[in-house]
Amino acid sequence: MISSYIILIIFLIVFITSIIKKNNTYTSFIKGVKEGFKTSLKIAPSMFVMYIAINLFAQSKFIENIFKSSKISVDLISQGLFRPLSSSASLSFMIKIFSKYGADSKLGYISSILQGSVDSSIYIISYYLGTCNIKGSYKCILICLLVYIIIFIICLIIYLLL
Amino acid sequence: MLFSGLIEVAKDANIINVLTKYINKPLKLLFKNIEEDILNDISLNLTCNFLGMSNASISSGLNALNKLKDKGYNNEIITFITLNASGFCLIPQNVLSIRSTYISNSFDIILPTFLLSLTSFILTIIFNKILVRYD
């Protein structure tokens, strides 16, 4: 219950404090929105390219054919492979698991933990570095992949132990 | 866009300054010799990520990155981006909202999710320290 209201609560707190302090709330809000529009125009090209590439890969069912005969469910493995690349692709695999096995099941539990506890790290790195034109990003990707692999293995261990 | 408006309002009402003052102290241990204004941008970005408003964090993150790039702090760039990408989050909102459409008792994942994302945050810091030392 609380989690669905938290954004609204944050908004209300900020706006009420601003009104109490007698600032120009509306003017500064519009100014911020303008800046956000500029930022989203700036990052749009690199986001667009990543989005197209990942969706091409996700729609082709390449991974599902490789891991057809594994012990752990194919959907969990493909969710795990797509999690650092794209939130929406791995979210669609999570919904697939929910409707196939139920959200109450062991698989549904593990896949929601996996979806919630890490972020789409490679995606974030690529759009930050692509927008700011910084080179030599292999160290960032190395660190994030190592951390992600450890988290994924912990998730698989929990799944096998439960 | 909506969230960057919210951030602007919060900046004008002095809320951001109060919040970042508490976060700057532990962040100074990670980013040792950088200026105060870059540190403010970094702590604003990490706070937004922690509260789950990753859209609001983008503009302050880009600001901080551009400043770091101009000053030539290469190791700090790596630390900042990896901390940002580690996804340390208080409540996973979209997972919870999807999960609550399937079952009624959907809050059992909050504690394990928080513990795992804390683990990934700490691991990111450790790997950063190792990489900086052996470089």
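A search of the whole structure, which is a predicted model, identifies three cavities of 30 Å³ or more. Here a cavity is a set of points, on a 1 Å grid over the protein atoms alone, where a 1.4 Å probe fits but cannot get out, and lining residues have an atom within 4 Å of a point. Grid points are joined across faces, edges and corners, and a volume is the space filled by probe spheres set on the points. Because the model is predicted, local features need pLDDT of at least 70 and side-chain atom pairs count only at pLDDT 80 or more, while totals for chains, interfaces and linings use all residues. Residues are numbered from 1 along each chain as its sequence is written, chains are lettered from A and ligands numbered from 1 in the order in which they are written, and side-chain values use heavy atoms, with hydrogens and water left out.

The largest cavity has a volume of about 80 Å³. Its lining includes Val118(A), Asp119(A), Cys144(A) and Tyr148(A) from chain A, and Ala85(B), Ser86(B) and Thr124(B) from chain B. Helix 8 (138-161) of chain A and helix 7 of chain B each provide at least two lining residues, and helix 8 of chain A gives the most, with three. Helices (H or I, at least four residues) and strands (E, at least two) are DSSP runs, numbered from the N terminus. The lining comprises five nonpolar, four polar and one charged residue, where Ala, Val, Leu, Ile, Met, Phe, Trp, Tyr, Cys and Pro count as nonpolar, Asp, Glu, Lys and Arg as charged, and the others, Gly among them, as polar.

A pocket, by contrast, is an open set of points with protein on both sides within 12 Å along at least five of seven lines. Helix 2 of chain A gives the most, with eight residues. By class, the pocket lining holds 18 nonpolar, 21 polar and two charged residues.

Chain B contains seven helices and zero strands, and its C-alpha trace spans about 50 × 40 × 25 Å along its principal axes. The contact (heavy atoms within 4.5 Å) involves 57 residues from chain B and 60 residues from chain A. About 5,300 Å² is buried between the two chains, 77% of it from carbon and sulfur atoms; buried area is the accessible area (1.4 Å probe) that two parts lose on being put together, summed over both. Seven residue pairs, both members at pLDDT 80 or more, are in polar contact across the interface. A polar contact is a pair of N or O atoms within 3.5 Å; within protein, one must be able to donate a hydrogen and the other to accept it, and residues adjacent in sequence count only if both atoms are side-chain atoms. On the side of chain B that touches chain A, helix 7 of chain B supplies the largest share, 11 residues. This side has 31 nonpolar, 20 polar and six charged residues.
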